[in-house]
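Good morning, and thank you for the time. I would ask you to keep the structure on screen while I go through selected elements of secondary structure and their packing.

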Amino acid sequence: MTMMMDRLRSADRRPAPVAADGARGPLLTVDGLAKHYGARIGCTGVGFDLWPGEVLGIVGESGSGKTTLLKAIAGLVAPDAGSIRYDAGAGPVEVRALSEPERRRLMRTDWAFVHQNPRDGLRMGVSAGANVGERLMARGQRHYGRIRGAALDWLARVEIAGARLDDRPSAFSGGMQQRLQIARNLVSEPRLVFMDEPTGGLDVSVQARLLDLIRALVRELGLSAIVVTHDLAVVRLLADRLMVMKDGRVVEAGLTDQVLDDPAHAYTQLLVSSILQV
Amino acid sequence: MEPRIRVENVSKTFTLHTQGGTRLAVMAGASLTVRPGECVALTGPSGAGKSTLMRIVYGNYRADAGSVTVAGTEVVNAEPRTVLALRRHVLGYVSQFLRVVPRVPTIEVVAEPCLAVGRCPASAEARARALLTRLNIPERLWGLSPLTFSGGEQQRVNIARGFAHAYPALLLDEPTASLDAANRAEVLRLIAEAKADGAAILGIFHDAEARAAICDRAVDVGAFMPAAGAATEGAG
């Protein structure tokens, strides 16, 4: 097991974004993933590949199982069946076979989870700077000046004034909290980011700014992301690929614009035709 | 010379599940080729399937049968990442409408395709500035989102973005619509330069003068309507 983590760690050098089309395999391979709540299906039979630099959108109505799926992949809920293979560059590792400490380490270093409600992803009792710096310390950084510098840099990237570094997130607006949560998650330069309705409940103008930020980060850092949302406009602008979920199953998957503009499944057609045009 | 865009026997039927499962056959036996340095116009009456065929070539609509290759890459039933890589590096598309993240400045919207293929930010921005200047978008607007612009200005930003990276194959949907004479002439020059550069261009041009000025051949899409049956490539 330690060897597995060593392999994960030894591949720590980030491949250049241009290598995203190169010879290496998928970053994440999910196969036959299922999560049941008693007799009720959370999600079942889900499988897909995610490649470096790709953004995968998961859409569906509330109750379709999309958040359950996201949490099952990210290890926030335990799946009942299926496999999740992650390859940081040194060959695929079965995530479900990792020990709890190894999985937690993966979540702190290579992966990040942006919650729908920023309060679930932030520590409300400590300062904004500490929220951002914490993940760097979890990765082993100890130099206070460098951590503070990185925190300031990331606050600037998510457009939070440096003067707010020592304020607690509870003093921030909802939009600022969400941007802070993104900074906290991305400061450690994860390879894979899970996002659950990252722009839900935000003002439209804040939403646009967040979308732009996430897109730029995908391009500049070459990170991969899985984004759950019910907002088809968000996935159109953000996701390369789309999975449509209904009753815990994937009913259609493909290129985002193909699924939205030429939907094949009856449910996708219904979803797409139900959008109000603006 | 090998065609850069090749469409062979493509057919397309829409099944409308929300309308009682109605099946609409819109295309059958569509075939055409575009060689490097060539500009081919899709012609035919409204509803003949010109836009549908362009969308199939771009991988936006799925073809039910047949083959579409662009620079040797098969588009029909291709993996999403194959199509994404093709669109990033090889196949550009200037649609009639600009679709961008709100609030992103025009200069960044236009520079983005260059950044996506790995050009350095400075050279991507220089390319964007040059194109915006040529297309007469005043510099004071470059820092604003194009979504606040007039229809004609948005169309020019869209064209600048479409020509920012030198795509070896390019799809143009009404590139000169809603442009004044000076801008129209500039867009035609851009197309001519791309052709001279060896790009294979497939386009829809309702503007007959523009079509005559820039296109080497026309393909009548009416011939690919399922009722018409025969699969022939017209030459104009």
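Helices here are DSSP runs of H or I with at least four residues, strands are runs of E with at least two, and both are numbered from the N terminus. For residues 28-272 of chain A, UniProt gives the feature "domain: ABC transporter", from an unreviewed entry; UniProt positions follow the numbering used here, feature names are shortened, and annotations may be inferred rather than shown by experiment.

A word on conventions. This is a predicted model, in which local features need pLDDT of at least 70, side-chain atom pairs count only at pLDDT 80 or more, and totals for chains, interfaces and linings use all residues. Residues are numbered from 1 along each chain as its sequence is written, chains are lettered from A and ligands numbered from 1 in the order in which they are written, and side-chain values use heavy atoms, with hydrogens and water left out.

I turn to the strands of chain A. Strand S1(A), residues 28-37, runs antiparallel to strand S4(A), residues 81-86, and five bridges join them; two strands pair if DSSP finds at least two bridges between them. Thr29(A) has Arg85(A) of S4(A) as its bridge partner. Arg85(A) also stands opposite Glu94(A) in S5(A). That strand, S5(A), covers residues 93-94 and pairs with S4(A) in the antiparallel sense over two bridges. Six residues separate the strands of this hairpin, and Gly89(A) has a positive phi near 130°.

What lies between S9(A) and S10(A)? Two residues do, in a hairpin whose turn includes Asp247(A), with a positive phi of about 50°. The strands, residues 241-246 and 249-255, are antiparallel and joined by six bridges, with Met245(A) opposite Val250(A).

Next, helix packing in chain A. The axes of H5(A), residues 128-138, and H6(A), residues 144-157, come within 9 Å and cross at roughly 120°. Axes are lines fitted to C-alpha atoms, for helices over the stretch in contact, and angles run from 0 to 180 degrees between N-to-C directions. H5(A) and H6(A) are therefore oblique to each other: angles under 35 degrees count as roughly parallel, over 145 as roughly antiparallel, 65 to 115 as roughly perpendicular and the rest as oblique. The contact (heavy atoms within 4.5 Å) includes Val132(A) and Leu136(A) of H5(A), and Ala151(A) and Trp154(A) of H6(A). By class, this contact of H5(A) with H6(A) has eight nonpolar, two polar and no charged residues. Ala, Val, Leu, Ile, Met, Phe, Trp, Tyr, Cys and Pro count as nonpolar, Asp, Glu, Lys and Arg as charged, and the others, Gly among them, as polar.

Finally, chain B. Helices H5(B), residues 151-164, and H6(B), residues 181-196, pack at about 15° with axes 12 Å apart, which makes them roughly parallel. Arg156(B), Ile159(B) and Phe163(B) of H5(B) meet a set in H6(B) that includes Asn183(B) and Leu190(B).
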